[in-house]
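Please find below my note on the model under review.

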Amino acid sequence: MTREQELADGVARVRERVSHACAEAGRDPDEVTLVVVTKFFPASDVRLLAGLGIREVAENRHQEAEAKAEECADLGLRWHFVGGLQSNKAAAVARYADCVQSVDRAKLVGGLSRGAVERGRDLDVLVQVSLDPPGADGRSGAAASDLPALVDRVLGADGLRLRGVMAVAPLGGDPDEAFARLADVATDVRRTAPEATWVSAGMSGDLEQAVRHGATHLRVGSAVLGPRPPNG
Ligand SMILES: *Cc1c(COP(=O)(O)O)cnc(C)c1O
C-alpha cells in the first residue's frame, strides 16, 4: 500500500467516526473541524493530506512546526500550534501559526501579540484549560481559577482574537466527565467573550466523547497517520 493510500484510509476512517458520533449526538458534522496533528511526520505527509482535502493541521514543537509550515507554504493550510510554548518563542510562533491553541498563562500573551502585530494579521487564540485533578503532575493548561484573568489578558491584547478553549482529557480519567466540565468552562468564558465559540477537545482515542460534549475542533494524529515514532 502506498503512503497516500494509508493516509486516505486513515482520513476516511476518522471522518466516518466523526459523522457517526455527530449522528449519535444529533449534531451537524459541518460544525466539527478535523485538525490533523502531523507532529513527528514529514512534510511529505502534510502534502499528501492536503491532496486528500485536509485543510487544518497542527504541530506541537516550534522548530518542527516552523520548518514544516515553510516547506508547505504553497498549500494554503491553516497551521495550529498545540504544544507547550516558551514565552521567548511566542512571537516567533505567531509569525507562522494561524491559531495557537495552547495559551495557558498570561506570560505568553505579550509575545504572541507582538508577533501577530508584526505579521499584520490577527492570530486566533484558544486558552488551554487543565482538566487534571488539582496538584496533578505535569498538568498543562490553566487552572479554572486562573482562567478569567487569562481571558481578560487575551481580550485586551492587540492582534489576538480569542476563539475559545482547548483541553486534553486527563490520562487514565473518564473523557466523558472531563469534556462535560470543559463544556461548562466554555460556557463561562462565553459570558465575557461571546464570540469565543470554539471548543478544541478530542484526540484519536476520545473524539466520540468530545463530539458528544460539543467539541468544534478535534485534534487527531495517530488515527490518521499511524503510530508516531517511539519518542513521539
Ligand atoms: C499529539 C497531540 C494530539 C493528537 O494525539 P493522537 O492521540 O495521536 O490523536 C492532540 N492534541 C495534542 C495537544 C497533542 O499534542
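Which residues are linked in a network of salt bridges? The points below begin with the answer.

1. The network of salt bridges links E56, R78, D124 and R163. A salt bridge here is a side-chain nitrogen of Lys or Arg within 4 Å of a carboxyl oxygen of Asp or Glu. The model is a predicted one, in which local features need pLDDT of at least 70 and side-chain atom pairs count only at pLDDT 80 or more, while totals for chains, interfaces and linings use all residues. Residues are numbered from 1 along each chain as its sequence is written, and side-chain values use heavy atoms, with hydrogens and water left out.

2. Strands (E, at least two residues) and helices (H or I, at least four) are DSSP runs, numbered from the N terminus. D124 is buried at 8% relative accessibility, whereas R78 is partly exposed at 25%. Buried means under 20% relative accessible area, exposed over 50%, and partly exposed in between (1.4 Å probe, protein chains only).

3. The whole structure holds 18 salt bridges. One of them joins the side chains of R47 and D74, at 2.9 Å from N to O. R47 belongs to helix α2 (residues 43-51) and D74 to the loop between α3 (62-71) and β3 (78-81), so the pair ties together parts that are 27 residues apart in sequence. R47 is partly exposed, at 35% relative accessibility, and D74 is exposed, at 58%.

4. Helix α7 (residues 175-192) has 18 residues, which at 1.5 Å a residue should span 26 Å; its end C-alpha atoms are 26 Å apart, in agreement. The expected span is 1.5 Å times one less than the number of residues. At the N-terminal end, D174 caps α7, a side-chain oxygen lying 3.0 Å from the backbone nitrogen of D176.

5. The buried residues of α7 are P175, A178, F179, L182, V185, A186 and V189. Seen down the helix axis, these buried residues fall within an arc of 110 degrees, so they line one face of α7. The arc is that of the directions from the helix axis to the C-beta atoms. The buried residues of α7 pack against α6 (147-155), β6 (160-166), β7 (198-200) and α8 (207-212), where contact means heavy atoms within 4.5 Å. On the other side of α7, D184 and R191 are exposed.

Technical notes. A polar contact is a pair of N or O atoms within 3.5 Å; within protein, one must be able to donate a hydrogen and the other to accept it, and residues adjacent in sequence count only if both atoms are side-chain atoms.
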